[in-house]
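User: I would like to go through this model term by term. For each label, give me the value and the criterion behind it.

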Amino acid sequence: MSTLRYIKAFISDRQVASITPTSPFGLRKLLRLLDLTQRVDIVEFGPATGVITRKLLGAMTADSRLIVFETNPDFVEELRRIEDPRLAVHNLPAQAMRGVLEERGITSIDTVVSGIPFSFLKPHERSSLLRDCRDLLRPGGKFIAYQVYGHLKKPLASAFNNVRIHVELLNLPPLVITESVREAEPEPA
Ligand SMILES: C[S@@+](CC[C@H](N)C(=O)[O-])C[C@H]1O[C@@H](n2cnc3c(N)ncnc32)[C@H](O)[C@@H]1O
């Protein structure tokens, strides 16, 4: 999809929240946070034209799975052109993740990669979605979000104990990537 079509989507749908896809520098920094050498189940929120989706598919093992949630129908049409049996594209909001995973018989996941504008969600929706992510992640699993950090700082801190921040300046606008790790539950005494 051309940048022009991306801009058109941005103009007609405020949920798109960005006029350009993530830059190659942003992609590299984000992918470095993931270990894709083993079989993994990944969920992606807001893939848009699929720049991250394609990179993930390129690096994932043959038995890994990638389940994506995208609300914009034009982007969904584009994503459905990717022919890969490991990819499932849902034209549903990220908030539908728990139900969709249940239907697919998936009880836990390794990673969530999120590009959705969390600032557009109501505070209770934001907290509830982050709690769902934390609860579904396996111990050691990661919730990775790239966006303006300010909106996520408080809700992330209430869902995860271990949050690290990375910045990529070679992106329009500069990309803030949060890496939140689901820690293992302490052993009962
Ligand atoms: C900033 S763009 C994502 C950028 C893209 N992943 C990239 O790397 O270039 C945000 C995307 O999230 C989608 N979106 C917004 N709210 C959403 C939600 N609640 N659930 C799923 N997708 C959503 C928008 O349609 C848009 O495609």
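Predicted model: local features only at pLDDT ≥ 70, side-chain atom pairs only at ≥ 80, totals over all residues.

User: Which atoms of T71 and A94 lie by a nitrogen atom of the ligand?

Analyst: For T71 it is a polar side-chain atom, 3.4 Å from a nitrogen atom of the ligand. For A94 it is a backbone N or O atom, at 2.8 Å from a nitrogen atom. Of the 600 Å² that the ligand exposes when taken alone, the protein buries 96%; the areas come from the Shrake-Rupley method with a 1.4 Å probe.

User: How many residues surround the ligand, and of what class are they?

Analyst: There are 23, each with a heavy atom within 4 Å of the ligand. T22, G46, E70, A94 and Y146 are the closest. The shell has 14 nonpolar, eight polar and one charged residues; Ala, Val, Leu, Ile, Met, Phe, Trp, Tyr, Cys and Pro count as nonpolar, Asp, Glu, Lys and Arg as charged, and the others, Gly among them, as polar.

User: Why is the protein called as compact as a globular one of its length?

Analyst: The protein has seven helices and seven strands, taken as DSSP runs (H or I, at least four residues; E, at least two). Its radius of gyration is 16 Å, close to the 16 Å that the globule rule gives for 189 residues, so the description holds. The radius is taken over C-alpha atoms, and the rule is 2.2 Å times the number of residues to the power 0.38. The C-alpha trace spans about 60 × 35 × 30 Å along its principal axes.

User: What is the peptide bond from L172 to P173, cis or trans?

Analyst: The bond is cis, with omega near -10°. P173 belongs to the loop between β6 (162-168) and β7 (175-181).

User: What is the phi of A48, and where is this residue found?

Analyst: Its phi is positive, about 55°, although A48 is not a glycine. A48 is in the loop between β1 (41-45) and α3 (51-59).

Technical notes
Residues numbered from 1 in each chain as written. Heavy atoms only, no water. Polar contact = N/O pair within 3.5 Å; in protein donor to acceptor, adjacent residues only side chain to side chain.
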